[in-house]
Amino acid sequence: MHAPALDRSFWKLFAASATATCADGVVKVSLPLLAASLTTSPVLISGLTAFAFLPWLLFGLPGGALADRVDRRRAMSVVNVVRAVLLGGLVVLIATGTGGVAVLYAAAFALGICQVVYDSADRAILPQVVGRRGLEKANSWLTVEETVGKDFVGPPLGAALFGWFRAAPFLGPAIGFAVAAVLVLAVPGRFRADRTEPATLRADIREGVSWLWRHPVLRSLTIYSGLIAALMSMGTSLTVLYALDTLALSPSLYGLLFAAMGVGGLAGSALVGPLTARLGRPRASTLAVAIAPVMSVLLGTVTQVWAAVVWFSGVAVGVTMWNVLSMSLRQAMIPAGLLGRVLGAHRVVLWGGIPLGALLGGVLAGMIGVPAVFTVSGLAQLGVVVLVHRLVHRHRRLIEESFAR
């Protein structure tokens, strides 16, 4: 049965999300480049990733609960305004020569807090806009715009602007987030979760965590996904050093490496629907989650730019397919009134381990070199892939029934 067509409400949400994603893509490449211009320490470079994801460990639960207590559309708008103000302040600090590594850490942490609230509301609002049967189609489109914004448009633009003037890559995103704050308000409707009775924030958090812990599929899926994310961050937190040192790319060409990954992301978005229809969700999930670890192992064995581009593209194929399938599954299984809280609890585990993985990758890089970290990361991830395979095949009937409601 074909998924229903996506209406104008979704496309308005899509436009707002695409604008914010392009801004985020510029910042994603510019912060590590600025850090690499200030220090060559692998630990300090990977620490930037750690600080960016640390808010998920600290504030993921209240952030998810907040998404179930407020109008999700308004929350997304307010967060975009805050991000615009933060980046405007960073522009001033960089332009005046007062932006050191400590300032970058503070900026990454503050933007990470914003990301917690924004993502919790963004993912929770989608089923209200498109319904459960439209989730995979809508998530595929959103993944396409994320790939284009964070890989094709943002990074090359950010790298080019960085080569011109260090503060320039942060001014454009400040304006972009301000525009996205206005665009998201154009989505019509009421997006506050239906609640039978008021409850305290603590009670909301406890309910979300309890629901997730009792679920036979999502509990284990959350743990396995968290392990994969932490292990993957060992290598990805060092991507800038891999590009500049191992591949000997210039800062401007570093952005093009993300464009190559964008090709893989778009391929993954195009493939996930047909493969799911042909193989079924359990088999497609196993295939998707296994691709990136294999590509990571291969990345540790090459120093040629062309080979690295191919393997990075392969990583993006797998990550994109897995993100679409796993997010759609969670959105289909979690009740609408609990979606923000449960996704918040999920992401505490999913992204809470990334700071530790990033720091571990930095330490290992100092001992065995940056390329070898990618190989170690990929081999460890493959062990978790076996557990994911067993899980989705054991519960394949429940998974398929969740999308038929």
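**Notebook: a walk through a predicted helical model**

I started at Phe312, which lies in helix H12, residues 305-333. A reminder to myself: this is a predicted model.

**Entry 1**

Is Phe312 buried or exposed? I looked up its relative accessible area and found 4%. The cut-off for buried is under 20%, so Phe312 counts as buried.

Next I listed what Phe312 touches, leaving out residues up to four places away in sequence. The list reads Thr239, Tyr242, Leu257, Met261, Leu299 and Phe374. I also checked Ala260, which is 52 residues from Phe312 along the chain. The C-alpha atoms of Phe312 and Ala260 are separated by 7.4 Å.

**Entry 2: helix H9 and the residue after it**

Then I moved on to Ala248, which follows H9. Ala248 sits in the loop between H9 and helix H10, 251-279. Most residues other than glycine have a negative phi. Ala248 is not a glycine, yet its phi is positive, at about 60 degrees. I looked up the cover of Ala248 too: its relative accessible area is 61%, so it counts as exposed.

**Entry 3: aromatic rings**

I turned to the aromatic side chains. A pair of rings is described by the distance of the centres and the angle of the planes. How many aromatic pairs are there? The count comes to 14.

I took Phe59 and Phe109 as one example. Their ring centres lie 6.4 Å apart, with 65 degrees between the planes. Planes over 60 degrees apart count as edge-to-face, so this pair is edge-to-face. Phe59 lies in helix H2 (residues 42-67) and Phe109 in helix H4 (residues 101-130). The pair therefore ties together parts that are 50 residues apart in sequence. I checked the cover of each. Phe59 has 32% relative accessibility and counts as partly exposed. Phe109 has 23% and also counts as partly exposed.

Trp164 counts as exposed, at 69% relative accessibility. Phe165 is partly exposed, at 41%.

I also wrote down one aromatic cluster, formed by Phe10, Trp11, Phe14 and Trp141.

**Entry 4: the whole protein**

Last, I stepped back. I counted 16 helices and 0 strands. The C-alpha atoms fill a box of roughly 55 × 45 × 35 Å along the principal axes.

What radius of gyration would a compact globule of 405 residues have? The rule puts it near 22 Å; the protein has 20 Å, which agrees.

I looked at burial and contacts next. Of the 405 residues, 56% count as buried. I then took the contacts between residues at least 6 apart in sequence; 89% of these join residues at least 24 apart.

The surface came after that. The protein exposes about 16400 Å², and carbon and sulfur atoms supply 68% of it.

Terms used
Residues are numbered from 1 along each chain as its sequence is written. This is a predicted model: local features need pLDDT of at least 70, side-chain atom pairs count only at pLDDT 80 or more; totals for chains, interfaces and linings use all residues. Side-chain values use heavy atoms; hydrogens and water are left out. Helices (H or I, at least four residues) and strands (E, at least two) are DSSP runs, numbered from the N terminus. The radius of gyration is taken over C-alpha atoms; the globule rule is 2.2 Å times the number of residues to the power 0.38. Buried means under 20% relative accessible area, exposed over 50%, partly exposed in between (1.4 Å probe, protein chains only). Contact means heavy atoms within 4.5 Å. Accessible areas come from the Shrake-Rupley method with a 1.4 Å probe; for residues, only the protein chains shown count as cover. Rings of Phe, Tyr and Trp (its six-membered ring) pair if their centres lie within 6.5 Å; planes under 30 degrees apart count as stacked, over 60 as edge-to-face and the rest as tilted.
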